Amino acid sequence: MKAGRATAEGTSRFAARSNAAPGHFHDAWGGLSLSSIGLGTYLGDEDEATDAGYEACVAAGLAAGINVFDTAINYRGQRSERAIGRALARAFAEKSVRRDEVFVSTKGGYLPHDAQDPRPARRYVAETFRDSGLAPEAEIAQGCHCMAPGYIADQIERSRANLQLESIDLYYLHNVETQLGAVDARAFRQRLAAAAAVLEEEASEGRIGAWGLATWDGLRVPPEHPEHLSLSETLDVAREVGGKEHHFRGIQLPFNLGMAQALVYRSQQLGEQRLCALDFARESRLAVFGSASMLQGRLAGNLPEEVLSAFPEATTSAQCAIQFSRSAPGMTAALVGVSSPDHASEDFSLARVAPAQAEQVLGLFR
């Protein structure tokens, strides 16, 4: 496994030689310089062709000035993690990029199958996680999700092996709101604290650099919603288990032209204020990574004229959608799921274009 992780010096070095437009790289904790566009790896068949596509897109991203790569152990039956691992290992061997220049995030929580294991998916999950006791039956929510301490530690080890990295830059608890469908608020907080304690230990041992929450609904819905997640309470948990120097550093949530709640809906309480998730994150110095920037391809064409005209610097509908997502105030990086090198070339060419002004983004909602 490759030693090291993203550093301020390394990511600044990458940014300096990228020839990207001003503003393309955003600051994150510890002085990291992260590209405003990142590669996501959720979609696609569990086959070699899709693996090859993602590997080619990693290379295309690096060449275009992209240093943020996001995945999850359950994406494509662990194949997405392995594809990123192979692509980065090749880039390291060819010395086209150094380990300290790239930022890699992954996620754990769902019970993943292994698409390259000969056993049927249900048998693999049962034998590997349930029967072994790694995922205690009493802590599996809705038949698919677990955040028990031993299970999370196991998932980190599997992800490190898949990615061929000694340290993962940001490790997310994946869609923890799934647990809220199975337990009450008090039990959920206990489970979150137990998982956070493991993540703090993993960070102290250098196996991860930081941890966060990757969500779908939890940070976009109102406090009275049964799947609402409070960032204030999560920060309280982080401080309780990790102290002032805790490693809770980032969040991920959907953000696109069709799902803009992170910018326009005040879902989070901060003291006496109600803030949208992006404003809360900025006030709390949390990095934000926007998923589904093109709404799984549905924003790649036929956008309304008022949207296209708001971003004249974008030359296609896909670029327009990405430009909106990466330019929102408080957004660290907009993740783009693409396994086609041709599409990657179109999407990642935005690195040569400066992000839009905040007024261009906010003006769509006035």
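How many bridges join strand β3 (residues 37-40) to β14? Four, and the two strands run parallel. Here are my notes on the rest of the model.

1. Ground rules. This is a predicted model, where local features need pLDDT of at least 70, side-chain atom pairs count only at pLDDT 80 or more, and totals for chains, interfaces and linings use all residues. Residues are numbered from 1 along each chain as its sequence is written, and side-chain values use heavy atoms, with hydrogens and water left out.

2. Helices (H or I, at least four residues) and strands (E, at least two) are DSSP runs, numbered from the N terminus; two strands pair if DSSP finds at least two bridges between them. As for burial, β14 is mostly covered, with four of its five residues buried (under 20% relative accessible area; exposed is over 50%, partly exposed in between; 1.4 Å probe, protein chains only).

3. The largest pocket. Its volume is about 720 Å³. On a 1 Å grid over the protein atoms alone, a pocket is an open set of points where a 1.4 Å probe fits, with protein on both sides within 12 Å along at least five of seven lines. Grid points are joined across faces, edges and corners, and the volume is the space filled by probe spheres set on the points. The lining counts 35 residues, and Tyr-42, Leu-43, Ala-292, Gln-296 and Gly-337 lie nearest the pocket's centre; a lining residue has an atom within 4 Å of a point. The elements giving two or more residues to this lining are β14 (333-337) and α12 (341-348). By class, the lining has 15 nonpolar, 16 polar and four charged residues. Here Ala, Val, Leu, Ile, Met, Phe, Trp, Tyr, Cys and Pro count as nonpolar, Asp, Glu, Lys and Arg as charged, and the others, Gly among them, as polar.

4. Strand β5. Six of the six residues in β5 (residues 103-108) are buried. In a regular strand the side chains alternate between the two faces of the sheet. Both faces of β5 are covered: Phe-103, Ser-105 and Lys-107 are buried on one side, and Val-104, Thr-106 and Gly-108 on the other. β5 runs parallel to β4 (residues 68-70), joined by three bridges, with Asp-70 partnered by Ser-105.

5. Two residues to check by eye. Gln-78, in the loop between β4 and α3, has a positive phi of about 75 degrees although it is not a glycine. Asn-19, in the loop between α1 (8-17) and β1 (25-27), has a positive phi of about 60 degrees and is not a glycine either. Gln-78 is buried, at 2% relative accessible area, whereas Asn-19 is exposed, at 61%.

6. Glu-283. This residue is found in helix α9 (residues 277-284) and is exposed, with a relative accessible area of 57%. Leaving aside residues up to four places away in sequence, Glu-283 touches Leu-270 and Leu-275 (contact means heavy atoms within 4.5 Å).
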